[in-house]
Amino acid sequence: MNLYALDFAALEALFAAWGVAPIHAQTVWKWLYRQTPLDFTSLPDTLPRHLQVRLAAETTLSLPDVVASQVSADGMTRKDLLQLADGQRVEVVIMRYRHRHSACISTQVGCACDCRFCATGQMGFVRHLTAAEIVAQVIHAQRTLRAGGQSLTNFVLMGMGEPLLNYEHTLDALRRLCDPRGMGFVERRITLSTVGIVPGILRLAEEPLRISLAVSLHTATDALRDTLMPINRRYPLDELCRALRTYTAITQRRVMLEWVLIDGVNATREQAEALVAHFADIPVHVNLIQLNPTPEYAGQPASPEAVEAFIAVLEHAGIPHTMRQRRGAPIAAACGQLRRRFPEN
Ligand code: SAH
């Protein structure tokens, strides 16, 4: 029995089956998620000796095996390839900054959304991840940082997959990680990124869990978005904007709009103006990021002049914006590059 495969109710059920008092489930849960232990030697002394022995004998603390790792030259970004029980693989990226440490987590193997510029999209959809598989990536990141005396402060669901198309498992995982009896991860330090699945956004607005939301917008005209992000044909811009108005009204939170700058495609004054026209009355923050090249897409990062002109339009309209630091590109761990790119694959 792998303890990291259980949710709290399942742990309680296990202890009930063993005839162990429920209070001990809380102690073990807290130990599992606050200490992210590697073995059973650090089990709290308050647990009865027989329970400690039984846990060590009959349960494990296993996470998916790390089958390959790459570390950037400056040591600040690390990409680990995790192998799941059925042999499928997902990548976790761990990023160290000066004051915070973040991880980029996957929610599916592959992705069905087919965004042209995204390496995961280019590989197609394989399967959803379970809640336990999503949780395991975060525990892995925490263990890795702890080994260096650091600790995870943020994470983003910006790895492989579309979280809102794997809604139940994703939310189950987040509830488990934010559970104050355990890890108690700070909700707003979790960012869920979506291509703009309208029903998912509306459902998320009603969740008691108040995580941060990012929308991969990338283009602000239906004609262009239809071609770059086929999901737009299902949920066109007007519908997406309506959902975001509702979301921001209910949550009272600003939404982050992601914009991958592609030279001559969307890094244009016209697109910036279209963005302003759609979003002037919605509380957003635009996060610009240069395109990272992927094998099956010919687009290139935008020229400095194009970026400057784009930003000038946002400034003029008073739309808050930042330019995201590119991390991990040399080890193919940057946004949109997550796919099987390890040497042994
Ligand atoms: N499916 C979700 C989350 C995964 S992608 C979503 O699309 O939001 C995380 C971010 O990386 C998205 O904003 C995505 O558009 C961006 N991205 C994809 N391919 C990229 C590339 N080649 N260069 C830069 N960013 C990319």
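Visitor: Let's start with α6 and α7: how are they oriented to each other?
Guide: Before that, keep in mind that this is a predicted model. The axes of α6 (residues 167–178) and α7 (residues 198–205) cross at roughly 30°, and angles under 35 degrees count as roughly parallel. So α6 and α7 are roughly parallel to each other.
Visitor: Which hand does the crossing of α6 and α7 have, left or right?
Guide: α6 passes α7 in a right-handed crossing. Their axes come within 12 Å.
Visitor: And which residues in α6 and α7 meet?
Guide: From α6 you have Tyr167, Glu168 and Leu171, and they meet Gly200, Arg203 and Leu204 of α7. By class, the residues of that contact divide into three nonpolar, one polar and two charged.
Visitor: OK, now α7 and α10. How do their axes lie?
Guide: The axes of α7 and α10 come within 9 Å, with a crossing angle of roughly 10°. That is why α7 and α10 are roughly parallel to each other.
Visitor: What meets what between α7 and α10?
Guide: On the α7 side, Val198, Ile201, Leu202, Leu204 and Ala205 take part. Their partners in α10 include Leu240, Ala243, Leu244, Tyr247 and Ile250. The contact of α7 with α10 has ten nonpolar, two polar and one charged residues.
Visitor: Changing topic. Which residues of α1 are buried?
Guide: In α1, which runs over residues 8–18, the buried ones are Phe8, Leu11, Leu14, Phe15 and Trp18. They cover an arc of only 120° around the axis, so they sit on the same side of α1.
Visitor: What does the face turned away from that buried side carry?
Guide: That face of α1 carries the exposed residues Ala9, Ala16 and Ala17.
Visitor: And what covers the buried residues of α1?
Guide: The cover includes α2 (23–35) and α3 (49–58).
Visitor: What comes after α1?
Guide: Glycine 19 follows α1, and its phi is positive, near 75°.
Visitor: Where does histidine 24 sit, and what is it in contact with?
Guide: Histidine 24 is in helix α2. Its relative accessibility is 16%, so histidine 24 counts as buried. Leaving aside neighbours within four places in sequence, histidine 24 is in contact with Phe15, Thr46, Leu47, Pro48 and Leu51. Phe15 is one of the buried residues of α1.
Visitor: What about tryptophan 31, buried or exposed?
Guide: Tryptophan 31 counts as buried, because its relative accessibility is 2%. This tryptophan also lies in helix α2. Beyond its neighbours within four places in sequence, tryptophan 31 has contacts including Thr36, Pro37, Phe40, Pro44 and Leu61.
Visitor: How far is tryptophan 31 from alanine 243?
Guide: Their C-alpha atoms are separated by 40 Å, and the two are 212 residues apart along the chain. Alanine 243 is one of the α10 residues that α7 meets.
Visitor: And isoleucine 139, which helix is that in?
Guide: Isoleucine 139 is in helix α5, residues 131–147. With 0% relative accessibility, isoleucine 139 counts as buried. Setting aside neighbours within four places in sequence, isoleucine 139 is in contact with Tyr4, Tyr33, Thr36, Leu63 and Met183. Thr36 is also among the contacts of tryptophan 31.
Visitor: Last one: where is aspartate 114?
Guide: Aspartate 114 is in the loop between β5 (108–110) and α4 (119–123). At 33% relative accessibility, aspartate 114 counts as partly exposed. Apart from neighbours within four places in sequence, aspartate 114 is in contact with Gly121, Leu228 and Pro230.

Definitions and conventions. Residues numbered from 1 in each chain as written. Predicted model: local features only at pLDDT ≥ 70, side-chain atom pairs only at ≥ 80, totals over all residues. Heavy atoms only, no water. Buried < 20%, exposed > 50% of the residue type's maximum accessible area, 1.4 Å probe, protein only. Helix = DSSP H or I, 4+ residues; strand = E, 2+ residues; numbered from the N terminus. Arc of directions from axis to C-beta. Contact = heavy atoms within 4.5 Å. Axes fitted to C-alpha atoms, helices over the stretch in contact; angles between N-to-C directions. Parallel < 35°, antiparallel > 145°, perpendicular 65-115°, else oblique. Left-handed = near helix turned anticlockwise from the far one by under 90°. Nonpolar A, V, L, I, M, F, W, Y, C, P; charged D, E, K, R; others polar.
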